[in-house]
Amino acid sequence: MRHAPCTTHHPATTPEERPLLTAVSPPADPALLTEIVQLRAQNTQLALALETRAVIDQACGMVMALAPCSSGRAWDLLVGVSQHCNIKLRVVAAALVATTEDRTLPAEIQREFRRALRRLHAADRP
């Protein structure tokens, strides 16, 4: 459920005024300030995770269709490609999804993706 931003505690309600609220008066308690900084960092990470989740799910679906395999194995394959290439998972997923728009998969990702598919198929053999 989405809530409207609370404006009752702060008179600043325009987008231009809101950033000023963080610079007004930092809390006197260092522990509280540390907690606020940590919560803001966590909030930023969660926002990025939400933004990138859809493309990762799409890439998993593509792997499931290409391999074919379960969603868990598709996830593992993408994570493996990401780790072997030392490229963030969201970047690997976006590159794979971009191939649906006639973009070429970068050579490094393409090589590792082929290797990962071969390992996946080899693991399925008796």
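In the chain of 126 residues, 25% count as buried, where buried means under 20% relative accessible area with a 1.4 Å probe, protein chains only. Please keep in mind that this is a predicted model, with local features needing pLDDT of at least 70 and side-chain atom pairs pLDDT 80 or more, while totals for chains, interfaces and linings use all residues. Residues are numbered from 1 along each chain as its sequence is written, and side-chain values use heavy atoms, without hydrogens and water.

**Exercise 1.** Work out the secondary structure of the chain.

*Solution.* Start with the count: five helices and zero strands. Helices here are DSSP runs of H or I with at least four residues, strands runs of E with at least two, numbered from the N terminus. Next, read the order from the N terminus: α-α-α-α-α.

**Exercise 2.** Find which residues of the largest nonpolar core touch the most other members.

*Solution.* First, the term: a nonpolar core joins buried Ala, Val, Leu, Ile, Met, Phe, Trp, Tyr and Cys residues through side-chain atoms within 4.5 Å. Of its 25 residues, the ones to pick are Val63, Leu77, Leu78, Val81, Leu96, Ile109 and Phe113. Then look at the suppliers: helix 2 (30-66), helix 3 (71-85), helix 4 (89-98) and helix 5 (107-124) each give at least two residues.

**Exercise 3.** Describe how helix 3 passes helix 5.

*Solution.* Begin with the axes, lines fitted to C-alpha atoms over the stretch in contact, with angles from 0 to 180 degrees between N-to-C directions. They come within 9 Å and cross at roughly 135 degrees. That makes helix 3 oblique to helix 5, since angles under 35 degrees count as roughly parallel, over 145 as roughly antiparallel, 65 to 115 as roughly perpendicular and the rest as oblique.

Notes
Buried means under 20% relative accessible area, exposed over 50%, partly exposed in between (1.4 Å probe, protein chains only). A crossing is left-handed if the near helix is turned anticlockwise from the far one by less than a right angle, and right-handed if clockwise.
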